[in-house]
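Dear colleague,

Please find below the structure that I am handing over to you, together with its sequence.

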Amino acid sequence: MTHAATPDLPDLPDLSGLIKAYDVRGVVPDPFSPEVARAIGAAFADVVVLPGASGPGRATAVIGNDMRPSGPDLVTAFADGLTRRGVDVILIGLCSTDGLYHASGALDLPGAMFTASHNPAEYNGIKMCHAGARPVGEDSGLAAVRTLAARYLAEGLPAEVAVPGTTENREMLAEYATFLRTLVDLGGIRPLKVVVDAGNGMAGLTVPAVLGTAAGLPELPLDVVPLYFELDGSFPNHEANPLEPENLRDLQAAVVEHGADIGLAFDGDADRCFVVDELGAAVSPSAVTALVGLREVARELEAGRTPTVIHNLITSRVVPDLLSGAGATTVRTRVGHSFIKAEMAANDAVFGGEHSAHYYFRDFFFADTGMLAAMHVLAALGTSTTPDGRPVTMSALAEAYEPYVASGEINSRVDDVPAARARVVEAYVTQQGAGPVEVDELDGLTVSHWDDHPRWWFNLRASNTEPLLRLNVEAADEDVMVKVRDDVLALVRQGTMVASTQPEEG
């Protein structure tokens with residue numbers, strides 16, 4: 001492990017590659033070992049859990065983990081770090097990330113979820129939250145956790161407190177499933193055949209509980225066809241990352257083969273959900289954001305409240321167009337769950353959506369849950385009819401929310417990121433080679449020609465950790481999108497040997 005010297009804390013282990021802006025993510029056991037997990041646990045206790053404790057009870061935190069083989073040892077070490085600092089620990093065992101958020105919200109306790117989401121099997125990580133599932137990010141505790149964990153690794157943990165914390169096991173899957181069932185009523189929809197690809201991830205546990213009867217809940221009018229429900233952190237069938245098109249192919253084929261009404265794909269920790277229509281075509285996360293957002297906006301208006309919806313700046317323009325037209329205030333934010341969650345809470349927003357298929361709900365502690373988004377889509381599909389009373393297909397339902405053409409996120413590894421960006425600014429902003437444009441720098445460079453024809457916009461963002469530029473383009477017409485995409489990429493990649501990489505999760 002390398003060392004980074006600072007004036008105040010010399011020769012500390014450098015954890016910046018492991019403890020990032022939003023979460024902890026790294027290869028096991030180097031750099032992410034049980035020893036490191038123990039130090040992070042103690043730092044989490046001192047930075048987040050103990051300062052936030054209130055009331056007569058002892059400071060307590062809740063911990064869950066996904067199906068990765070390295071999870072139990074890391075959880076044990078992390079919990080040891082907490083208990084050494086006097087924090088009681090509730091272990092809820094195998095769960096999805098939104099299952100951990102539910103536990104944090106329902107119990108009003110800080111939490112830690114051990115997962116590396118869609119990353120390969122050799123990775124693991126931690127997503128931390130304050131009580132009530134409020135995010136722990138760079139500016140809300142994670143930077144301090146990183147600094148203190150490095151100190152504990154260099155100097156050793158402080159002497160154990162006089163009364164160490166305790167650990168207990170608690171099963172919360174049934175409570176999670178019951179809570180979600182109270183938020184969306186699926187009992188009255190028409191019968192639907194649903195293919196679900198769990199990718200050997202945690203949806204293999206949560207889907208039977210929420211959409212089936214495994215948690216003791218009443219049967220729903222859903223015929224679920226399971227794909228890869230066996231929990232296996234080695235991911236023997238495909239990566240648990242539905243953002244990559246090749247990882248949807250098995251689901252798309254199965255939907256057509258079984259004559260299903262819809263397909264659902266979850267990532268490894270089951271906090272993201274992707275939708276496939278009855279023809280096997282992927283439905284864009286922006287379309288899902290618009291669909292679910294309109295349902296939540298209508299519910300707010302019926303309750304006499306003024307709805308606010310959050311979306312990140314690279315979702316389709318259809319999202320603010322439709323939601324504002326329906327009476328909502330829309331708030332545009334940076335990419336990344338910590339930004340979305342902060343805006344959700346600050347604006348008391350009813351719903352939020354990201355291009356990466358993270359969906360956030362006020363009713364779910366302002367946190368993201370792929371399962372609740374899936375339930376909303378099923379409810380919409382199962383109750384929608386044509387004017388003459390025939391059931392609406394998923395492809396027809398989605399068509400109304402996909403009027404524009406998008407490039408998807410295209411990542412380019414370049415030799416000189418500032419120089420590549422400067423070429424784009426010179427061509428589109430300084431010289432206005434494509435005509436008058438609107439420009440903002442909320443998150444990277446967004447250039448928009450949306451108020452005149454031809455209608456298009458693009459966003460170019462630099463990675464925080466790699467020499468990458470991420471490009472998203474959208475236009476009203478495909479030929480315009482292709483031209484803008486290719487022109488910007490040519491500027492970005494000028495004189496550079498390029499390697500494209502997978503899109504950012506968000």
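**The second largest pocket**

Four elements each supply at least two residues of the lining of the second largest pocket: strand S12 (273-276), strand S13 (282-283), helix H8 (285-302) and strand S24 (468-475). Please keep in mind that the model is a predicted one. The volume of this pocket is about 840 Å³. It is lined by 32 residues, and those closest to its centre are Ser284, Pro285, Ala406, Ser407 and Gly408.

Which strands pair with S6, and in what sense? Strand S4 (residues 60-65) pairs with S6 in the parallel sense, over 4 bridges. In this pairing, valine 62 stands opposite glycine 111. Strand S7 (residues 123-129) pairs with S6 in the antiparallel sense, also over 4 bridges.

**Aromatic pairs**

A pair of aromatic rings is described by the distance of the centres and the angle of the planes. The count for this structure comes to 12 aromatic pairs. One of them is formed by phenylalanine 179 and phenylalanine 365, with 5.6 Å from centre to centre and 15° between the planes, and this pair is stacked. The two residues belong to distant parts of the chain, 186 residues apart: phenylalanine 179 is in helix H5 (residues 173-183), whereas phenylalanine 365 is in the loop between strand S17 (359-361) and strand S18 (367-368).

Is phenylalanine 179 buried, partly exposed or exposed? Its relative accessible area is 24%, and buried would require a value under 20% while exposed would require one over 50%; phenylalanine 179 is therefore partly exposed.

Why does the pair of phenylalanine 351 and tyrosine 359 count as stacked? The ring centres are 6.4 Å apart and the planes stand at 10°. Planes under 30 degrees apart count as stacked, so this pair is stacked. Phenylalanine 351 and tyrosine 359 are both buried.

Yours sincerely,
A colleague

How values were computed. Residues are numbered from 1 along each chain as its sequence is written. This is a predicted model: local features need pLDDT of at least 70, side-chain atom pairs count only at pLDDT 80 or more; totals for chains, interfaces and linings use all residues. Side-chain values use heavy atoms; hydrogens and water are left out. Rings of Phe, Tyr and Trp (its six-membered ring) pair if their centres lie within 6.5 Å; planes under 30 degrees apart count as stacked, over 60 as edge-to-face and the rest as tilted. Buried means under 20% relative accessible area, exposed over 50%, partly exposed in between (1.4 Å probe, protein chains only). Two strands pair if DSSP finds at least two bridges between them. On a 1 Å grid over the protein atoms alone, a cavity is a set of points where a 1.4 Å probe fits but cannot get out, and a pocket is an open set with protein on both sides within 12 Å along at least five of seven lines; lining residues have an atom within 4 Å of a point. Grid points are joined across faces, edges and corners, and a volume is the space filled by probe spheres set on the points.
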